[in-house]
Amino acid sequence: MANRATRMTPEPLGKIASGYMGRDVEAVRKRIEAMEHLLEGLFKIPGFNRKIGLDVILDVIPVGGDVIGSLMGAWMVWEARNLGMSKTQMARMMGNVGVDFLLGLIPVVGAIPDFLFRSNTRNLKIIKRHLDKHHPATAIIDQR
């Protein structure tokens with residue numbers, strides 16, 4: 001009987017990760033969109049037809065959850081900096097992250113404004129506008 005390996009070969013893993021790794025604009029765009037989806041759109045709430053993500057879920061953890069969510073949102077701003085976005089755009093994005101952080105600090109009801117004020121979605125729109133203007137080859141047509 002032949003000896004069969006049970007571990008995964010690196011080729012499939014490379015195919016999965018290749019779309020998100022790298023410094024090219026298209027890879028950065030995919031990473032930022034994936035992070036926004038993680039933070040804002042993981043689950044759909046039945047009856048409300050609104051999505052929630054890790055940003056709202058982390059509000060259950062007092063202060064620490066808001067810090068973690070803000071750090072993840074600040075990572076998107078860091079990626080925007082690497083794309084060469086202007087300081088004005090980055091200041092707006094950091095303002096969105098800051099407002100989201102401050103709203104999340106409100107005890108007990110902090111998740112409600114966080115549910116309504118989607119800073120990461122706003123920041124993604126700012127980044128997409130920049131990418132569509134300065135890197136039109138990476139533009140993706142939404143199929144909704």
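At what angle do helix H4 (residues 64–82) and helix H5 (residues 87–104) pack, and how far apart are their axes? In this predicted model, the angle is about 175° and the axes lie 9 Å apart. Angles over 145 degrees count as roughly antiparallel, so H4 and H5 are roughly antiparallel to each other.

**The chain as a whole**

Let's step back for a moment and look at the overall layout. The chain has seven helices and two strands. Read from the N terminus, its elements follow the order α-α-β-β-α-α-α-α-α. The chain has 144 residues, and 35% of them count as buried. Among contacts with a separation of 6 or more, 59% are between residues 24 or more positions apart.

| Helix pair | Angle | Axes |
|---|---|---|
| H4 (residues 64–82) and H5 (residues 87–104) | about 175° | 9 Å apart |
| H2 (residues 25–40) and H7 (residues 119–134) | roughly 165° | within 9 Å |

To see what H4 brings to its contact with H5, look for Asp66, Val67, Ser70, Gly73, Ala74, Met76, Val77, Ala80 and Arg81. On the H5 side, the partners are Met90, Met93, Met94, Val97, Phe101 and Gly104. Sorted by type, the residues of this contact are 10 nonpolar, three polar and two charged.

Now for the other pair. H2 and H7 cross at roughly 165°, and they are therefore roughly antiparallel to each other. Their crossing is left-handed. H2 contributes Val25, Arg29, Ile32, Glu33, Glu36, Leu39 and Glu40 to the contact. These meet Ser119, Asn120, Thr121, Leu124, Ile127, Lys128, Leu131 and Asp132 in H7. The residues of the contact of H2 with H7 comprise six nonpolar, three polar and six charged ones.

**A closer look at Ser119**

One residue of that contact is worth a visit in your viewer. Ser119 sits in helix H7. Is Ser119 buried or exposed? Residues under 20% relative accessible area count as buried, and Ser119 has a value of 1%, so Ser119 is buried. Leaving aside residues up to four places away in sequence, Ser119 touches Glu40, Asn96, Val97 and Asp100.

Definitions and conventions
Residues numbered from 1 in each chain as written. Predicted model: local features only at pLDDT ≥ 70, side-chain atom pairs only at ≥ 80, totals over all residues. Heavy atoms only, no water. Axes fitted to C-alpha atoms, helices over the stretch in contact; angles between N-to-C directions. Helix = DSSP H or I, 4+ residues; strand = E, 2+ residues; numbered from the N terminus. Parallel < 35°, antiparallel > 145°, perpendicular 65-115°, else oblique. Left-handed = near helix turned anticlockwise from the far one by under 90°. Contact = heavy atoms within 4.5 Å. Nonpolar A, V, L, I, M, F, W, Y, C, P; charged D, E, K, R; others polar. Buried < 20%, exposed > 50% of the residue type's maximum accessible area, 1.4 Å probe, protein only.
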